[in-house]
Amino acid sequence: MTNDAKMIIENMKAVARARGVKFDYVMQSLAEAISTGVKRKFGKNTESEVTVNKSTGDIKIFVTKKVVEEVTDAETEISLEEARQVKESYKVGDVFRTPLSIGDLGRTAIEMVKQTLTQKVSEAERNRILVEYEKKIGEIVKGIVKVVSRNEILVDLGPVEAVIPGYGMMRAEHYRLDSPIRAVVHRVDRAQWGPKIILSRTDPKFLERLLFYEIPEIKDGIIQVAKIVREPGVRAKLAVQTLDPKVDPIGACVGYRGSRIQSVVKELSGERIDVIQWSKEPTIQVSRSLSPAKVKEVISLAEGHVLAIVPDDDYSKAIGKNGVNVDLASRLCEVDIEIKKVSEYEKEMKEKELADMKIEDVEQLKKSLKKALIEKGYTNILAVINAPVDELKFLLSLEDDAVQELLETLRPKDEKEPEDAGQQGS
């Protein structure tokens, strides 16, 4: 091996290591780049054969032409007569090879070889990065914050840079230059200048992977994460399940005195995490998802719409600040959840019961009074009870005592007279 050939091999190996591409690809790219240089020197239609010995570094270059009787294209053909001046055995149809050295290409062609080789290796490097980070989608990567702007953060991942767009940033967080940062690979885009790696700290996958690293039972597959929904920086709900009856999935995730979950909460800048045991039964799942509120009853109103009845004291917990708790629970269960206090629900049920009771079925009323009420449009008990006293007096031509007697007869026995009932008639 000559010193020049040895130097070529060592340089190609160094390029392959530095760019993270295969040595064979670099050598193949070198051969293709030399072929491009041959075309640059002898014409764009010129054919060539280039071989680079990967062991010795020897480069063999041949310009090839087809042997013909009469030449119509001087770049690709040579006459039989001219070919036989070199070797008598040539015949029409043979390939005539003219050996060249790198130096024969000239400075301009050699520059083109260098440019072509650089371009091909750079392209290979971009493809390698693209494939490498496409495999990391959904995985956490670490980097250093390099640029912070209103719309995005530029993160140095070492061999490549990535961005966290606005929707991937947590509002409550303050990002500082040159500080370490962790985020999940959200997606990888093909850009004109190479792969564009998009990171996110708001993606539910980020929380899922943090739990994967912090909680051994999740990492070992003993506990499965069924679903995660987040309001980044504010609150998250995590539904977990296990097939092992000996394992408490909530206790395992939270840890002793919250030791396990707190490290995740710290990484998420204080985002609260509700850990819920997943259930296939929709009503149970809705009830658990509204934690920390206690749910008394869940009623299905229509497809994709349920009503959750909660104690009056737990109403604000069920709704959450700015409606975050009920919104996350709805997203977790994939249904619209309507929250109602127990007192409100019971009142509505009583009113519905009264609305279903017809005036004509009230035995305590005289027939004449029933007829008068029905003629004036009071067909059920609720309509009479909710009517203003003055209206009843006017339409039914009754005195105050008669109206009060009517209302007392119709009102449920356990219901007290409204405090302002007497004032309505005064």
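A nonpolar core is a set of buried Ala, Val, Leu, Ile, Met, Phe, Trp, Tyr and Cys residues joined through side-chain atoms within 4.5 Å. In this predicted model, the largest such core has 41 residues. Tyr133, Ile197, Leu199, Leu211 and Ile273 touch the most other members of that core. Strand E8, which covers residues 180-191, gives the most to this core, with five residues. In soluble globular proteins, nonpolar side chains tend to be buried together.

Leu199, one of the residues that touch the most other core members, has contacts with several parts of the sequence. With neighbours within four places in sequence left aside, Leu199 is in contact with Val141, Val155 and Leu157, among others. Its contacts also include Ala162, Val163, Ile164 and Pro165, as well as Ala183, Val184, Val185 and His186. A second, separate core consists of 22 residues, including Ala16, Val26, Ala109 and Val113.

Two packed helices are described by the angle between their axes and the distance between the axes. Helix H5 (residues 204-214) packs against helix H8 (residues 259-267) at an angle of about 140°, and the axes of the two helices are 10 Å apart. H5 is therefore oblique to H8. The crossing of these two helices, H5 and H8, is right-handed. On the side of H5, the contact is made by Phe206, Leu207, Leu210, Leu211 and Glu214, and H8 supplies Arg260, Ile261, Ser263, Val264 and Glu267. By residue type, the contact of H5 with H8 divides into six nonpolar, one polar and three charged residues. Leu211 of H5 is also among the residues that touch the most other members of the largest core.

Another helix pair is formed by H2 (residues 23-42) and H4 (residues 106-134), which pack at an angle of about 145° with their axes 8 Å apart. The crossing of H2 and H4 is right-handed. Helix H2 contributes Tyr25, Val26, Ser29, Leu30, Glu32, Ala33, Ile34, Thr36, Gly37, Arg40 and Lys41 to the contact. Helix H4 contributes Thr108, Ala109, Met112, Val113, Thr116, Leu117, Lys120, Val121 and Ala124. The residues of this contact between H2 and H4 comprise eleven nonpolar, five polar and four charged. Val26, Ala109 and Val113, which take part in the contact, are also included in the second core.

Lys120 is located in helix H4. With a relative accessible area of 23%, Lys120 is partly exposed. When residues up to four places away in sequence are not counted, Lys120 touches Tyr25, Ser29 and Glu32. Lys120 and Leu30 are 90 residues apart in sequence, and their C-alpha atoms are 8.9 Å apart in space.

Two strand residues were also examined. Thr64 lies in strand E2, which spans residues 59-68. Thr64 counts as buried because its relative accessibility is 9%, and buried means under 20%. Beyond its neighbours within four places in sequence, Thr64 is in contact with Glu47, Ser48 and Glu49, and also with Val95, Phe96 and Arg97.

Gln224 is found in strand E10 (residues 223-231). Gln224 has a relative accessibility of 28% and so counts as partly exposed. Apart from neighbours within four places in sequence, Gln224 is in contact with Ala239, Val240, Gln241, Thr242 and Leu243. Gln224 and Gln241, one of these contacts, are 17 residues apart in sequence and 5.4 Å apart in space, C-alpha to C-alpha.

How values were computed. Residues numbered from 1 in each chain as written. Predicted model: local features only at pLDDT ≥ 70, side-chain atom pairs only at ≥ 80, totals over all residues. Heavy atoms only, no water. Helix = DSSP H or I, 4+ residues; strand = E, 2+ residues; numbered from the N terminus. Buried < 20%, exposed > 50% of the residue type's maximum accessible area, 1.4 Å probe, protein only. Contact = heavy atoms within 4.5 Å. Axes fitted to C-alpha atoms, helices over the stretch in contact; angles between N-to-C directions. Left-handed = near helix turned anticlockwise from the far one by under 90°. Nonpolar A, V, L, I, M, F, W, Y, C, P; charged D, E, K, R; others polar. Parallel < 35°, antiparallel > 145°, perpendicular 65-115°, else oblique.
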